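Take a moment with the sequence and the model before reading on. The walk-through begins with the aromatic rings and then moves out to the sheet and the whole chain.

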Amino acid sequence: IPVILRDEHSTILASSTLEPGEIMGPGRCDFSFTLPNVPDTAQFYAVTVSHRGELSKSHDELAADGWKYQLSVGTP
């Protein structure tokens with residue numbers, strides 16, 4: 001499943017795929033992905049996983065989160 005990272009100008013900065021999932025309990029499966037060589041120059045970063053839409057974070061938010069996204073799909 002593709003993962004794409006874009007900047008505030010919709011320029012693709014990096015792409016990858018989801019790694020195999022890990023079952024974490026009933027109705028929950030966690031997937032990881034790594035986006036190498038992401039430039040530290042954008043004001044905003046938007047990650048898209050498959051057809052699920054995008055999630056945006058500002059440069060400052062992403063830096064404060066250790067350059068990690070945490071995404072959820074569906075209901076808990």
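**Rings, strands and the chain**

The model holds 1 aromatic pair. Rings of Phe, Tyr and Trp (its six-membered ring) pair if their centres lie within 6.5 Å; planes under 30 degrees apart count as stacked, over 60 as edge-to-face and the rest as tilted. Here the partners are Tyr45 and Trp67, edge-to-face, with 5.6 Å centre to centre and 85° between the planes. Tyr45 belongs to strand S5 (residues 44-49), while Trp67 is in the segment after helix H1 (59-64), so the pair ties together parts 22 residues apart in sequence. Helices (H or I, at least four residues) and strands (E, at least two) are DSSP runs, numbered from the N terminus.

Are the two partners buried or exposed? Tyr45 is buried, at 0% relative accessibility. Trp67 is partly exposed, at 38%. Buried means under 20% relative accessible area, exposed over 50%, and partly exposed in between (1.4 Å probe, protein chains only).

The charged end of Lys57 sits over the ring of Tyr69, 5.1 Å from its centre. The rule asks that NZ of Lys or CZ of Arg be within 6 Å of the ring centre and within 35 degrees of the ring normal.

A word on the basis. This is a predicted model, in which local features need pLDDT of at least 70 and side-chain atom pairs count only at pLDDT 80 or more, while totals for chains, interfaces and linings use all residues. Residues are numbered from 1 along each chain as its sequence is written, and side-chain values use heavy atoms, with hydrogens and water left out.

Now the sheet. It is open, with 4 strands in the order S2-S1-S5-S6 and antiparallel pairing. Two strands pair if DSSP finds at least two bridges between them. Strand S2 (12-17) and strand S6 (54-58) stand at the edges with a single partner strand each, so one side of each has no neighbour in the sheet. From one strand to the next, the twist averages 20°. That angle is taken between N-to-C directions, from 0 to 180 degrees, with axes as lines fitted to C-alpha atoms (for helices, over the stretch in contact).

Follow strand S1 (residues 2-7). S1 pairs with S2 in the antiparallel sense over 5 bridges. Pro2 has Thr17 of S2 as its bridge partner, and Arg6 has Ile12 of S2. The two strands form a hairpin with 4 residues between them, and Ser10 in the turn has a positive phi of about 65°. S1 also pairs with S5, antiparallel over 5 bridges. There, Arg6 stands opposite Ala46. S1 has a covered face of Val3, Leu5 and Asp7, and an uncovered one of Pro2, Ile4 and Arg6.

Strand S5 also holds Thr48. Thr48 is buried, at 17% relative accessible area. What does Thr48 contact, leaving aside its neighbours within four places in sequence? Pro2, Val3, Ile4, Gly53 and Glu54. Contact means heavy atoms within 4.5 Å.

Step back to the whole chain. It has 1 helix and 6 strands, running β-β-β-β-β-β-α from the N terminus. Of its 76 residues, 21% count as buried. The C-alpha trace spans about 40 × 25 × 20 Å along its principal axes. Among contacts between residues at least 6 apart in sequence, 31% join residues at least 24 apart.
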